[in-house]
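Subject: Structure handover

Hello,

Here is the structure we talked about. Please open it alongside this note.

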Amino acid sequence: AYPVPDYGLRVLHALEDASFEAWVVGGWVRDALLGAPMHDIDVTTSAPWQETERVLRAAGIEVHETGTAHGTVTAVIDGQPVEVTTYRVEGTYSDRRHPDEVRFVRDVREDLARRDFTVNAMAYHPDRGLLDLFGGREDLARGLVRAVGDPYRRFEEDALRVLRAVRFACRLGFEVEPRTQAALVACAPELDDIARERVGQEMDGVVASGRVSWALRNEFAVLARAVPALMPMRGLDQRSPYHAYDLLEHTARVCAGVEAFAGGVPTQALRWAALLHDAGKPMCASVDENGRGHFRDHQRAGAVLCKDALLGLALPHEVAGRAAALVRYHDRHLSASPAGVRRLLRRLDQARPGEAPTLAYQLLDLQRADAIAKARPYAQRAVELGAFEQALSAELLHGAAFRVRDLAVGGGDVMRELGIAPGPEVGNALSALLDDVIYGRVENSREALLAWLREKE
Ligand code: ATP
Ligand code: MG
């Protein structure tokens with residue numbers, strides 16, 4: 001028996017007291033069988049959604065009409081949402097994008113048959129037990145993602161399932177069953193027809209799973225359809241003694257490295273940055289007369305590609321901006337001198353105002369992963385990065401100035417001391433002053449800065 005929480009039971013009982021049938025279904029059942037943490041409860045029921053709404057409200061439950069076109073309403077009990085959907089199947093799929101229509105059905109079996117994967121197509125009821133028509137429990141035990149029914153047909157109906165298969169394999173640490181895998185590769189190009197924000201949401205889930213390195217190695221055809229900037233990475237020889245792998249395998253290693261040792265849980269921006277850190281390399285590649293590879297300005301190009309890729313997938317602007325800032329500086333030499341640290345903080349603050357300290361630590365994680373992913377042991381580099389981390393912490397602890405507004409003097413002081421009028425000159429003078437502080441030529445105190453200005457004038 002699996003412990004359906006009270007708020008789920010209340011929904012089931014309210015529907016059953018009105019002589020409808022209801023089951024818990026989908027992700028909750030899968031995670032319960034796995035012994036994994038369970039989250040939202042989805043309920044599937046014989047009741048038409050109008051009846052669901054009426055019956056639940058009569059039981060004193062708050063109900064929202066969240067997707068009535070698909071037969072879905074959402075009950076909220078003690079702040080917990082429970083999605084309740086009428087048994088349904090999808091109609092014909094003429095354009096492979098949207099089910100043309102949903103058709104409500106009488107039998108829960110039909111509803112389960114329209115679901116994507118066997119592990120997602122089980123229903124559970126506290127009295128009637130598990131309803132597992134497609135061997136979902138066995139696939140859970142074997143660690144397999146398998147399409148319900150004919151995989152080619154199912155992926156043709158809705159190509160998003162191609163990416164969902166990869167997301168569930170990543171998230172659960174599963175393999176894709178061989179026939180499902182063959183169909184998935186064949187149907188991956190049809191992902192192009194799917195709305196970008198739906199692709200973005202599933203792809204973001206792949207990245208969040210922490211196993212994107214597995215997906216790069218095993219499901220590249222799918223990932224490169226979802227994120228075309230990845231495509232030229234495969235087979236790109238970096239022609240350097242530090243890179244024994246092509247760019248794709250290198251990237252997989254960096255992604256795994258970020259997961260392994262970014263302190264705590266890596267941010268989503270850092271994960272995306274790891275995936276796309278070298279995205280600028282293919283377009284910037286050249287080979288010199290000695291056969292060595294060069295990638296002039298690839299960080300700048302990569303940052304643009306990264307931002308475009310994430311915005312193209314309708315991911316949040318902040319995530320895209322942060323990931324791009326990390327890509328922009330991922331190859332920058334991190335100097336552990338106080339001036340070096342402050343210079344980097346100033347750059348990061350210009351890219352993402354107010355976020356420089358957190359971005360600096362994420363950049364450090366990215367650089368560590370990048371260094372370790374290279375073929376040669378990078379002991380020296382790790383020592384340098386350790387020194388940088390200490391210097392960064394020290395600068396932040398004593399409140400080092402790296403923005404104009406951190407200066408102990410302001411625009412008024414500058415105008416007075418230099419005898420200049422309001423205008424762009426004031427800003428220039430302040431940023432020159434910030435330079436002087438960053439490089440340690442003058443201390444950031446009011447007296448010292450005023451004396452320094454007088455001297456200059
Ligand atoms: P998660 O924990 O990631 O939310 P989930 O299983 O709840 O996992 P959802 O995307 O929330 O996944 O979908 C809920 C259920 O709806 C799935 O378990 C599956 O049965 C069904 N489903 C969702 N999307 C599709 C789809 N594109 N094709 C077929 N069935 C789907
Ligand atoms: Mg869900």
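First, a cut-off you will need: a residue is buried if 20 or more other C-beta atoms lie within 10 Å of its own, with C-beta atoms placed from the backbone. Keep in mind that this is a predicted model.

Helix α7

By that count, L160, R161, V162, L163, R164, A165, V166, R167, F168, A169 and C170 of α7 are buried. That makes eleven of its 13 residues, so the helix is mostly covered. From first C-alpha to last, α7 reaches 18 Å, close to the 18 Å expected at 1.5 Å a residue. G173 follows the helix, with a positive phi near 70 degrees.

Overall layout

The protein has 457 residues, and 42% of them count as buried. It holds 22 helices and 13 strands. Along the principal axes, its C-alpha atoms fill a box of roughly 90 × 60 × 40 Å. Four domains are assigned: domain 1 (6-142), domain 2 (143-226), domain 3 (227-397) and domain 4 (404-456). The centres of domain 2 and domain 4, taken over C-alpha atoms, are 56 Å apart. Take contacts between residues at least 6 apart in sequence: 62% of these join residues at least 24 apart.

Ligand 1

Which residues surround ligand 1? They are G26, G27, D42, R115, D116, N120, A121, D158, L160, R161 and R164. Six of these are charged, three are polar and two are nonpolar. Helix α7 (residues 160-172) gives the most to this shell, with three residues. Ligand 1 lies between domain 1 (6-142) and domain 2 (143-226), because both give residues to its shell.

The nonpolar core

The largest nonpolar core has 123 residues. V162, A273, L276, C306, A323 and L326 touch the most other members. The largest share of this core comes from α7, with eight residues. Beyond its neighbours within four places in sequence, C306 is in contact with A273, L276, A279, A323, A324 and V327.

R342

Is R342 buried or exposed? R342 is buried, because 25 other C-beta atoms lie within 10 Å. This arginine sits in helix α17 (residues 338-351). Leaving out neighbours within four places in sequence, R342 is in contact with E395, A400, F402 and I438. The C-alpha atoms of R342 and L396 are separated by 9.2 Å, although the two residues are 54 apart along the chain.

Two backbone angles to check

D297 is not a glycine, yet its phi is positive, at about 60 degrees. D297 is in the loop between β13 (293-295) and α15 (298-312). With 10 other C-beta atoms within 10 Å, D297 is exposed.

A314 is not a glycine either, and has a positive phi of about 60 degrees. Its loop runs between α15 and α16 (317-328). A314 has 15 other C-beta atoms within 10 Å, so this residue is partly exposed.

Best wishes

Methods. Residues numbered from 1 in each chain as written. Chains lettered and ligands numbered in written order. Predicted model: local features only at pLDDT ≥ 70, side-chain atom pairs only at ≥ 80, totals over all residues. Domains from an automatic or database assignment. Helix = DSSP H or I, 4+ residues; strand = E, 2+ residues; numbered from the N terminus. Buried ≥ 20, exposed ≤ 12 C-beta atoms within 10 Å, placed from the backbone. Contact = placed C-beta atoms within 7 Å. Near = placed C-beta within 6 Å. Nonpolar A, V, L, I, M, F, W, Y, C, P; charged D, E, K, R; others polar. Core = buried A, V, L, I, M, F, W, Y, C linked by C-beta atoms within 7 Å. Expected span 1.5 Å × (residues − 1).
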